[in-house]
Amino acid sequence: MQSNMDGVYAKGVGEIVDQLRAEFLDEVKDTLEKLTFSIDEVRHERNDIKVLVEEVQRATMSFKGQAHNYDLAALATVAARCEDYLANVKNYPPRTLDDIQTYVDCMIDIAEKPDIEERDISHLVHELPAKVRLDASILEVRNVEVLLVM
């Protein structure tokens, strides 16, 4: 015995998920556009880089969680990498703005064309800037004598 309602609910849910996914992608594009504007504000010294970093961290945290829900693995991965890039950094080197711009541009590309099947996430990740590490210019080289006693 088959019901007349078989598949009706599944189809309806699929349409709702597609609509929610499209709305999420629109929200991502809007947020990334605002971040691009904020980057320009920092470049022209009208805003502080720490404020920009907080905005980027807030956005990437949101993207990372929701992108997995909508099967957008590339966006989630780039957002996670961006979040890692900015984590636990107190002093930002001069290249930070360019690196943040690279992450934002990459996420914009993904949001504009989310369904590219042949997108290689590992290749995409290798093209992103590496995590901010200890700046070599603040290190001081010293000769130290050490006595080992055994």
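This is a chat about a predicted model of a protein chain.

User: Okay, I'm new here. How many helices and strands are there in the protein chain?

Analyst: The chain has 5 helices and 0 strands. Going along the sequence, the pattern reads α-α-α-α-α. Keep in mind that this is a predicted model.

User: Got it. What share of the residues count as buried?

Analyst: Of the chain's 150 residues, 31% count as buried.

User: What about contacts? Of those between residues at least 6 apart in sequence, what share join residues at least 24 apart?

Analyst: That share is 72%.

User: Let's zoom in. Where does Ser38 lie?

Analyst: Ser38 is part of helix α1, which covers residues 8–43.

User: Is Ser38 buried or exposed, and why?

Analyst: Ser38 counts as buried because its relative accessible area is 8%, and the cut-off for buried is under 20%.

User: Which residues does Ser38 touch?

Analyst: Leaving aside residues up to four places away in sequence, Ser38 touches Leu52 and Glu55.

User: Switching to salt bridges. How many are there?

Analyst: The count comes to 5 salt bridges. As background, side chains of opposite charge can pair when their charged atoms come close.

User: Show me one. Which side chain does Asp98 meet in a salt bridge?

Analyst: Asp98 pairs with Arg43, at 3.0 Å from N to O. This pair ties together distant parts of the chain: Asp98 sits in helix α4 (residues 96–112) and Arg43 in helix α1, 55 residues apart.

User: How accessible are Asp98 and Arg43?

Analyst: Asp98 is partly exposed, at 44% relative accessibility. Arg43 is partly exposed too, with a relative accessible area of 36%.

User: Next one. What does Glu83 form a salt bridge with?

Analyst: Glu83 bridges to Lys64, and their closest N and O atoms are 2.4 Å apart. Here as well the pair links distant parts of the chain, with Glu83 in helix α3 and Lys64 in helix α2, 19 residues apart.

User: Is Glu83 buried or exposed? And how accessible is Lys64?

Analyst: Glu83 is buried, with a relative accessible area of 14%. Lys64 is partly exposed, at 27%.

User: One more pair, please. Which side chain does Asp99 meet in a salt bridge?

Analyst: Asp99 meets Arg95, with 2.8 Å from N to O. Asp99 is buried, because its relative accessible area is 11%, while Arg95 counts as partly exposed at 39%.

User: New topic: surface patches. Which residues gather in the patch of negative charge?

Analyst: That surface patch brings together Glu23, Asp26, Glu27, Asp30 and Glu33. Asp30, one of these, lies in helix α1.

User: How accessible is Asp30?

Analyst: Asp30 is partly exposed, with a relative accessible area of 45%.

User: Which residues make the nonpolar surface patch?

Analyst: Val144, Val146 and Leu148 make that patch, and its area is about 370 Å².

User: Where is Val146 found, and is it buried or exposed?

Analyst: Val146 is found in the segment after α5 (121–126). At 65% relative accessibility, Val146 counts as exposed.

User: Is Asp71 buried or exposed?

Analyst: Asp71 is exposed, because its relative accessible area is 67%, and the exposed class starts over 50%.

Technical notes: Residues are numbered from 1 along each chain as its sequence is written. This is a predicted model: local features need pLDDT of at least 70, side-chain atom pairs count only at pLDDT 80 or more; totals for chains, interfaces and linings use all residues. Side-chain values use heavy atoms; hydrogens and water are left out. Helices (H or I, at least four residues) and strands (E, at least two) are DSSP runs, numbered from the N terminus. Buried means under 20% relative accessible area, exposed over 50%, partly exposed in between (1.4 Å probe, protein chains only). Contact means heavy atoms within 4.5 Å. Patches are made of residues with over 30% relative accessible area and no salt bridge: like charges are joined within 9 Å, nonpolar side chains (Val, Leu, Ile, Met, Phe, Trp, Tyr) within 5 Å. Accessible areas come from the Shrake-Rupley method with a 1.4 Å probe; for residues, only the protein chains shown count as cover. A salt bridge is a side-chain nitrogen of Lys or Arg within 4 Å of a carboxyl oxygen of Asp or Glu. Lys and Arg count as positive and Asp and Glu as negative; His and the chain ends are not counted. The place of a charge is taken as NZ of Lys, CZ of Arg, CG of Asp or CD of Glu.
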